[in-house]
Amino acid sequence: MAANIIAKLSKVDSVTVVERESDIVHLVEGSLHRKVRVVESDLFEFLRDLGPGRKFDSAYYDIWYCTDATTYASHLVPLYRLSRTRG
């Protein structure tokens, strides 16, 4: 629901949510702000497939709070690096 809070900010034009679990996508259908667009995809694939000129002003990663060092190194560091190369 962070997407709804972000979408309500006056300086925000749009919010793109990337969610790979279809159950989660269906769970939130009908409860999202009009500025929120949901893309059902793996975030790594979504970022790799972004075309030239596609860019985001900022990103918010909703990860589990209890992420351990192994998960951090294997998922979050590569995600951060990929995000930096995609704007």
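E21 and R20 form a salt bridge, with their closest N and O atoms 3.7 Å apart; a salt bridge here is a side-chain nitrogen of Lys or Arg within 4 Å of a carboxyl oxygen of Asp or Glu. Welcome to a predicted model, in which local features need pLDDT of at least 70, side-chain atom pairs count only at pLDDT 80 or more, and totals for chains, interfaces and linings use all residues. Residues are numbered from 1 along each chain as its sequence is written, and side-chain values use heavy atoms, with hydrogens and water left out.

**Salt bridges**

- Side chains of opposite charge can pair when their charged atoms come close.
- By the salt-bridge rule, the count comes to two.
- R20 also forms a salt bridge with D42, where the closest N and O atoms are 3.7 Å apart.
- This pair links distant parts of the chain: R20 sits in the loop between β1 (15-19) and α2, D42 sits in the loop between β2 and α3, and they are 22 residues apart.
- Salt bridges that share partners join R20, E21 and D42 into one network.
- R20 is exposed, with a relative accessible area of 57%, while E21 counts as partly exposed at 40%.
- For these words, buried means under 20% relative accessible area, exposed means over 50%, and partly exposed lies in between (1.4 Å probe, protein chains only).

**The overall picture**

- The protein has four helices and two strands, and along the sequence they follow the pattern α-β-α-β-α-α.
- Helices (H or I, at least four residues) and strands (E, at least two) are DSSP runs, numbered from the N terminus.
- The C-alpha atoms fill a box of roughly 35 × 30 × 20 Å, taken along the principal axes.
- Of the 87 residues in the protein, 22% are buried.
- There are 12 positive and 12 negative side chains, and the centres of the two sets lie 11 Å apart.
- In that count Lys and Arg are positive and Asp and Glu negative, with His and the chain ends not counted; each charge is placed at NZ of Lys, CZ of Arg, CG of Asp or CD of Glu.

**The nonpolar cores**

- A nonpolar core is a set of buried Ala, Val, Leu, Ile, Met, Phe, Trp, Tyr and Cys residues joined through side-chain atoms within 4.5 Å.
- The largest one has seven residues: V39, F44, F46, L47, L50, L79 and L82.
- Helices α3 (43-48) and α4 (69-85) each supply at least two residues of this core, and the largest share, three residues, comes from α3.
- Apart from this core lies another, of five residues, among them A3, A7, V12 and V15.
- L79 touches L43, F44, L47 and Y61, not counting residues up to four places away in sequence; contact means heavy atoms within 4.5 Å.
- L82 has its place in helix α4 and is buried, with a relative accessible area of 14%.
- Leaving aside neighbours within four places in sequence, L82 is in contact with F44, L47 and R48.

**A buried lysine**

- K35 lies in the loop between α2 (22-28) and β2 (36-40).
- K35 is buried yet has no salt bridge, and the nearest side chain of opposite charge, D13, is 6.0 Å away.
- Besides its neighbours within four places in sequence, K35 is in contact with A7, L9, V12, D13, S14 and V15.
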